[in-house]
Amino acid sequence: MKLFIDDANIEAIRELIEYYPIDGVTTNPSILAKAGKDPRETLKEIREVIGDDMIIFAQAVDLSFEGMIRDAHMIVNLLGANTVVKIPSTPIGFKAMMALQKEGIPTCGTVVYTPMQALLAAKAGASYVAPYVNRIDNMGYDGVGIVKQIQDILLNNNMACEVLAASFKNSQQVLELAAYGIENVTCGPDVFRGFVKNAAIDGAVQDFVDDFEKLTGKTSMSSL
Ligand code: E4P
């Protein structure tokens with residue numbers, strides 16, 4: 001499973017890529033709005049921090065077909081290789097995905113709340129589809145279950161499209177999808193920090209150091 005950071009805060013991205021095995025960064029217009037400055041500047045900074053080899057996702061904002069294509073060109077020109085353009089999974093979005101596939105620009109069908117949206121985005125040539133787990137849960141449906149159904153549809157139809165599960169509120173949702181073999185997950189910094197936030201883990205780690213110090217008066221092997 002690849003792990004992406006769903007955020008545009010540069011300090012949070014720096015911290016997470018230092019401590020976690022991260023594969024890239026995903027953004028959307030609301031995430032860029034939270035950064036509070038020119039979104040081109042934010043996206044360029046993210047690219048600089050993560051380097052050229054990691055994948056960055058940025059979303060086309062314009063809702064017309066021509067505008068989506070223009071936004072996609074602008075995003076790819078700004079961020080270079082290893083950039084995926086997120087396109088809403090709507091009829092106009094499917095048209096844009098088909099056109100961008102012909103140009104060789106990779107897309108992610110985003111705003112996916114239903115398996116049918118994912119199927120159509122995949123058929124339209126999207127390289128990824130992004131179902132919103134927590135938002136689906138909040139509508140009273142089973143977000144994790146819908147992601148699994150989407151994965152089954154893609155695999156059983158031999159579609160060259162991967163799931164990028166998004167919108168998480170906790171580790172359990174992520175683990176359940178990891179067990180199911182979902183290829184990509186994107187989480188905000190708080191969900192990442194919660195992955196191993198556990199008093200039992202911290203206590204056990206500290207106990208080892210305390211026992212060693214009682215024996216040797218030192219808190220590291222190398223200082224013996
Ligand atoms: C990803 O494609 C989405 O933009 C994002 O994960 C949505 O997350 P949210 O429901 O926390 O806003």
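1. The model is predicted: local features need pLDDT of at least 70 and side-chain atom pairs count only at pLDDT 80 or more, while totals for chains, interfaces and linings use all residues. Residues are numbered from 1 along each chain as its sequence is written, and side-chain values use heavy atoms, with hydrogens and water left out.

2. There are 7 salt bridges in the structure. The term requires a side-chain nitrogen of Lys or Arg within 4 Å of a carboxyl oxygen of Asp or Glu. The points that follow describe some of them.

3. Arginine 193 is bridged to aspartate 190, with 3.3 Å between the closest N and O atoms. Helix α10 (residues 189-194) holds both partners, which sit 3 residues apart, or about one turn of the helix. Helices here are DSSP runs of H or I with at least four residues, strands are runs of E with at least two, and both are numbered from the N terminus. Aspartate 190 is exposed, at 62% relative accessible area.

4. In helix α11 (residues 199-216), aspartate 211 and lysine 214 are 3 residues apart, which means that about one helical turn separates them. Their side chains form a salt bridge with an N to O distance of 3.5 Å. Lysine 214 is exposed, with a relative accessible area of 67%, whereas aspartate 211 is partly exposed at 45%.

5. Alanine 35 belongs to helix α2 (residues 29-35). Its relative accessible area is 32%, so alanine 35 counts as partly exposed. Which residues does alanine 35 touch, not counting those up to four places away in sequence? They are Ala8 and Thr42, where contact means heavy atoms within 4.5 Å. Isoleucine 10 lies 25 residues from alanine 35 along the chain, and the C-alpha atoms of the two are separated by 8.7 Å.

Conventions
Buried means under 20% relative accessible area, exposed over 50%, partly exposed in between (1.4 Å probe, protein chains only).
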